[in-house]
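Open the model in your viewer and keep the selection tool ready. The tour moves from stop to stop, with a selection at each.

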Amino acid sequence: MNEPTQDILEAESDVLVRKIKHYLITIFGRVLEEADADEYYLAFCYAMREKIMINWQATAETWLTRDVRTVYYLSMEYLPGRFLNNNIMNLKNQEVVGRVLKKTGRALHDLVSHEYEPNLGNGGLGRLASCFMDSLATLKMPARGYGLRYQYGLFEQQIWDGVQIEKPDLWLRTENPWEFRRDLRKLMVKLCGTPIRSPNVPEEVYDLVDPEEVWAMPYDIPILGYSPTNDFAVVTLRLWSTKESPRNFQLQRYNAGRLDQAAENTTLTDVLYPSDVHETGRRIRLKQEFLLASASLQDIFRYYFSRNKDISAFGDKVRIQINDTHPAVLIAELMRMLTKHFNVAWKQAWEITQNCTGYTNHTLMTEALEAWDQNLFRYLLPRQYKIIERINLDFCTMLRTKYPNDEDRVRRMSVLENGQVRMANLSIIGSHKVNGVAELHTEILKARAFREFYELYPDRFVNITNGVTHRRWLRNANPDLASFISKRIGTGWIQDFSQISRLAEFAADEESQKQFLEVKRACKSHLLDFLNDEGRPRDAVGKQLPANLKLDTSALFDIQVKRVHEYKRQLLKALHLIVRYQEILENPFVARAKRLVIFSGKAAASYEMAKTIIRLISCIDKKVNNDPVANQLLNVAYVENYFVSRAEIIIPAADVSEQISTAGMEASGTGNMKFSMNGALTVGTEDGANVEMRQAITDAWWPFRFGASSEEITDMRTKNSYRAWDLYTGNSRLKRAVDALRYRTLATHDIEHQSLSALYYSLLESSWGSQPDRYFVLKDFDSYYTVQKRVEALYQMPLKWAEYAIHNIAGMGKFSTDRAISEYSNKIWDLTSAPLDPEILERVRAAYRESDPTVVQ
Ligand code: 26Q
């Protein structure tokens, strides 16, 4: 496409300025000069939004008129990050925006950082859903995302002298200009009540007497794809809310004095459950899951019937992907709707349901598989429970024929067992494809967690390795590195990330190495500014302390950011820190690489051990940063409140990316990919997607692999052969570090001391029937220590380091969600790209120009 001329840029920026002024005066009653940052931000977004509407409308109309197969992605979590900057980039409006800001006397940084991002997820799974939306839109795949619009997203984390404090996330305190409330599209969801047999339908299909009726109000967010021309597609992310429908308030209960119950259904979507681990038995959570499933399904049916006269094409036109088991009750609800409302026979309905549904698993920890108490389930969702009973009866009957005299197997595979409803079993049975999120993960699913299902349905299991959108995580987060790349291989990589491999040609080029190091230095400087300002630690009453970092950008930036979890082993890194500190004290005059170690991540509010690990790191931080000898060589920072925009500052600055989970426990990881794309070298176990990253980057350029393999770990577990105590006593370096947890070396008062002791005991003593050191921290310590020595040696050779880094970036072509979405489209959905119809686009554009004759294009 031809670049726009100066005249056009100028004219476009004039239009935008006029629109901003228009919104300021008509919505806020303000003129430009008076507008505060909030008002300016909103007016700016409203003005930008107009352009989005054209392609949004044209996308919807194209897909509607062409009656294409569509995928509906259901996820309880989304972490989209900030919208404004991404939208400016995908509209390719940087230049125009630059001029607008100049003309209106505002700064880009102030504008984009004014946005408060939605924190509607816990971590990896939610961020993956958002990366998928970006790639679906970019690939022009007919798609829609469904989720919940929580009033309060994941808590805001503050760390007061080492203690995690959770504060409510008030993301809706000002208006969100990126969402559109669609009153006409609201839907009713029915729960509880008494089931009664309904006439003329299969036996298990019941009517409901006296149900609770909850209105779900949709809010639509446009997700812009990237296109080198201006025919980008816009996918809708539709989030349901129960807040804005006054009738959800149960006045009868209120009148009966049950104030708590009266408001339950207006507050259903109030909070995101703040845990990425086992959270069973939470009534509201099950109601939330059903709300998502039921409202989305009704919406899917409504859309389907706007294009089709009868149900016959449903199985062909509709694909539904469930992001983990959280929306899995959809399988029962789809069966119910097909049989009850559309008169489909049971057997055929089951075929349609399986055909339509795909299930992605994100965890290997069997204790984290979702299971609901049967009584609770039956009480809240009586009709769906009946359906599950029938599904399960059919399934178990089939099993008994196939495996006669193997009741144990039937029990293990049954959906209803032990007083529980097992959502993973339901999901596998009700889907045509089940996928893991990295090769190792999928293999372990087949060999262990879902082995018997795999035996039964070998073709159902597929792997689709995760990715990330390189547009947000490289192009937007690290514009200097992006232009470093584009100068060398052109801009084609933005759309087709496999082209990044061509960067390898420049890895050995000294000029490129130097420039890479300069880009990295600038990113580190930016992060240091943040750490020394907003990112400073807090004292025991929450007041921010003066900056306490001594190191500059010449130090090695060694970073671990992710949810805090024992299996992710922040503790391993902490122990290594203690060792380094002790070594420095012992021998202060040995030349050593300077290192700034950065952590960030939230612990689930109820996860004591994780909170204690944060506390330990803060203790180390206080000790090391305030020690006049050690702080010349080693600094530690725990950045509170990790979220997408903060990750966008932290990740580009990393020299070393820590991906050190116990092998076999991290399903995939996606932070690992973001770091590597930004030219960090990975210190990593052979876990999750690390394995495939190593293969893609090749062993030659992947120097810091360490630790026991997942086979070794499994072996130690099954043979019960692991002896943490022997490792501890056999390694004096390690022993001294572990002892620091117990001997009050790090703690400054009693409570700290008690906390840290708990870590000591978790490593060395069995408790509640579980083994010491369940995550094999001590096992991998030595190998971690050795690899960290190599890190420092290589860091002494900056140009060599840069060569490695450039090879790492060049090897990341596979890890874009564009590739992942293409694979889902081929292997699971059988979905093809549907670009915008140029005629429709032109017609919508013309209508827009007619509505406002001042617009330029
Ligand atoms: C379940 C029931 C009740 C309440 C909460 C939950 C719940 C919520 C979130 C359970 C799990 C999660 C999130 C899991 C998650 O984020 N898993 C990560 O998914 C990433 C994307 O596939 C992987 O890269 C990570 O390895 C995996 O840990």
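**Stop 1: the ligand**

Select glycine 669: one of its backbone N or O atoms lies 2.8 Å from an oxygen atom of the ligand. That is a polar contact (a pair of N or O atoms within 3.5 Å; within protein, one must be able to donate a hydrogen and the other to accept it, and residues adjacent in sequence count only if both atoms are side-chain atoms). At alanine 667 the corresponding distance is 3.3 Å. The ligand taken alone exposes 610 Å², and the protein buries 92% of that (Shrake-Rupley areas, 1.4 Å probe).

A note before moving on: this is a predicted model, in which local features need pLDDT of at least 70, side-chain atom pairs count only at pLDDT 80 or more, and totals for chains, interfaces and linings use all residues. Residues are numbered from 1 along each chain as its sequence is written, and side-chain values use heavy atoms, with hydrogens and water left out.

**Stop 2: the shell**

Now select the 19 residues around the ligand (a heavy atom within 4 Å). Leu125, His362, Asn466, Glu666 and Gly669 come nearest. By class, five are nonpolar, eight polar and six charged (nonpolar: Ala, Val, Leu, Ile, Met, Phe, Trp, Tyr, Cys and Pro; charged: Asp, Glu, Lys and Arg; polar: the others, Gly among them). Helix H6 (residues 124-138) gives the largest share, three residues. Helices here are DSSP runs (H or I, at least four residues), numbered from the N terminus.

**Stop 3: aromatic pairs**

The structure holds 32 aromatic pairs (ring centres within 6.5 Å; planes under 30 degrees apart are stacked, over 60 edge-to-face, the rest tilted; Trp counts by its six-membered ring). Select tyrosine 23 and tyrosine 46: their centres are 5.5 Å apart and their planes at 50°, so the pair is tilted. Tyrosine 23 lies in helix H1 (residues 6-28) and tyrosine 46 in helix H2 (residues 37-66), so the pair ties together parts 23 residues apart in sequence. Both tyrosines are buried (under 20% relative accessible area; exposed is over 50%, partly exposed in between; 1.4 Å probe, protein chains only).

Jump to tryptophan 725 and tyrosine 728, also tilted, with centres 5.1 Å apart and planes at 50°. Tryptophan 725 is partly exposed at 47%; tyrosine 728 is buried at 2%.

**Stop 4: charge over ring**

Select arginine 173: its charged end sits over the ring of tyrosine 116, 4.9 Å from the centre (NZ of Lys or CZ of Arg within 6 Å of the ring centre and within 35 degrees of the ring normal).

Terms used:
Helix = DSSP H or I, 4+ residues; strand = E, 2+ residues; numbered from the N terminus.
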